[in-house]
Amino acid sequence: MSSQQHVTDEFQSRFGEPPTYVVRAPGRVNLIGEHTDYNDGFVLPMAIDRDIWIALRRRADRRIVLHSLDFAEPVDFSLDALAHAEGWVEYVMGSAWIFGEGDFPREGWEGVLAGDVPVGAGLSSSAALELALLKAFWAVSPWAWDGTLMAQLARRIENEWVGVQTGVMDQMISSLGVAGHALLIDCRSLEATPVPLPAGTRVVVLDTGTRRGLVDSAYNERVAQCREAAAYFDVPALRDVSLAALEAGKDGLDRLPFLRARHVVSENERTLHAVDAMRAGDPAALGRLINASHRSLRDDYEVSSKELDLMVEIALGQAGCYGARMTGGGFGGCAMALVEEGAVERFVEAVGTGYEDQTGITPSVYVCRASAGVEVLSDTLPE
C-alpha cells in the first residue's frame with residue numbers, strides 16, 4: 001500500500017469520511033554542495049521519491065489535531081496557545097508559530113501524517129515535514145503560496161523555534177523540486193535553476209544505519225567557525241572568499257576555522273563545476289567532483305564517520321560507480337552514489353553485502369528518482 005493510500009485510509013477510519021486534501025512533501029539528497037548553504041554558497045540537491053504525507057480537513061475551532069502513523073504521541077493544541085514541545089510535535093507548533101509571526105490567516109485542521117523519509121539519515125526529513133505542514137495550513141487558509149517564501153519561513157522554524165542553525169537548502173528543494181532534475185540553488189539570492197541529471201545514470205542513497213542529531217554542538221560549532229573565518233576576511237560570508245585569497249591570508253587564521261573555510265570555498269567551486277558537467281552530460285567528471293567533495297568533508301570539515309567512509313569506499317569499488325560521498329549534515333546517516341543505470345542492480349547487491357559483512361549492520365539502499373516539490377492533491381484548492 002502506498003503512503004498516500006495509507007494516510008487516506010487511516011483518515012477515513014478515524015474521522016468517518018475521506019480527507020479534503022492530501023499533501024505530499026519530498027525529502028532530498030544533495031548531489032554536491034555540502035555545508036555551503038549557511039555560508040551563502042551554492043548547493044545542488046534533488047528532491048527524491050521519499051515523502052511526508054498528510055491527509056487533512058479544515059476545523060472550525062482553531063485547533064490542530066494531527067495523528068502520526070510513525071510516532072505514538074498525537075498533536076492536539078489551540079492556535080491561540082502555542083508552546084515548545086518535544087520531538088516531532090515541535091515542528092507542528094513551529095509551523096503554527098511562524099504563520100502567526102508573519103500575520104498569515106491561520107485556520108484549524110485535523111489530519112493523519114505518515115512518511116517514508118528516514119529520520120536522521122541526512123535526507124531532510126525535518127524540512128519535508130516543515131513544508132508538508134506549511135502546505136497543510138495553506139490548503140485550509142485563504143492566502144497566496146510562494147514557494148521561495150515558504151522555504152524561508154520553514155528555515156525560520158528550524159533556526160528560531162527548533163534551534164538548529166541550518167541553511168535554506170533543504171527547505172528550498174522540498175518546496176521547489178523539479179522532476180528529473182537537480183536544482184542549483186544560490187543560497188544568497190535564492191535563485192533556483194533546474195539542472196538535468198546525466199542520461200543513463202541513477203542516484204543511489206546508501207543508509208549506513210547510523211544516526212546523528214543536528215542539534216548536537218558539533219554542527220553549530222562549524223557554523224561558528226565559518227563565521228569566524230568570514231569575519232577574519234571582513235566579508236559577509238565565505239561565499240565571498242576565493243581559494244587564492246584564503247591561501248594568501250591563512251597565516252592569521254586559526255587552524256580549524258581555516259580548514260572549515262577551505263572546505264566551503266572549494267565546495268562552492270566544485271558545485272559550479274558539477275553543473276557544467278551535468279549540462280555536458282559527463283557523469284565521469286561529475287563523479288570526480290563528488291569524490292573530491294567527500295574527501296573535503298572528511299578531512300577539512302570533519303563531519304564524516306567511519307561508517308560513512310567505509311560505505312563510500314565500498315561503493316567506489318563497484319563497477320559502474322562514477323562517484324560517491326557522504327550527504328547531509330554528517331556524523332552518520334547516508335552516503336550517495338552516482339551509478340550507471342545498467343549497473344544499478346549489481347551495485348545495490350554488492351554494496352549491501354559488503355557493508356553488512358564488515359559492520360554487521362544491514363544498510364538500507366534507495367535507488368532514487370528526482371521528484372517534484374511539495375504539492376496538494378485535491379479537486380478543490382484555494383485560489
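Which side chain makes a polar contact with the side chain of His294? Keep that in mind as you open this predicted model and select His294, which sits in helix H9 (residues 283-299). The partner is Asp309, whose side chain makes the polar contact at 2.9 Å. His294 has a relative accessible area of 3% and is buried. Show its surroundings too: leaving aside residues up to four places away in sequence, His294 touches Ser304, Leu308, Asp309, Val312, Ala324, Arg325 and Met326.

Next, select helix H5, residues 169-176. Seven of its eight residues are buried, so H5 is largely enclosed by the rest of the structure. Colour what covers those buried residues, including strands S1 (21-32) and S2 (42-58) and helices H3 (125-140) and H4 (147-162).

Now move to Arg59 and Glu110, whose side chains meet in a salt bridge (2.6 Å, N to O). Arg59 is in the loop between S2 and strand S3 (63-68), while Glu110 is in strand S5 (residues 109-115).

For a last stop, select Arg62 and Asp80, another salt bridge, at 2.9 Å from N to O. Here Arg62 is partly exposed at 27% relative accessibility, whereas Asp80 is exposed at 57%.

Key: Residues are numbered from 1 along each chain as its sequence is written. This is a predicted model: local features need pLDDT of at least 70, side-chain atom pairs count only at pLDDT 80 or more; totals for chains, interfaces and linings use all residues. Side-chain values use heavy atoms; hydrogens and water are left out. Buried means under 20% relative accessible area, exposed over 50%, partly exposed in between (1.4 Å probe, protein chains only). Helices (H or I, at least four residues) and strands (E, at least two) are DSSP runs, numbered from the N terminus. Contact means heavy atoms within 4.5 Å. A polar contact is a pair of N or O atoms within 3.5 Å; within protein, one must be able to donate a hydrogen and the other to accept it, and residues adjacent in sequence count only if both atoms are side-chain atoms. A salt bridge is a side-chain nitrogen of Lys or Arg within 4 Å of a carboxyl oxygen of Asp or Glu.
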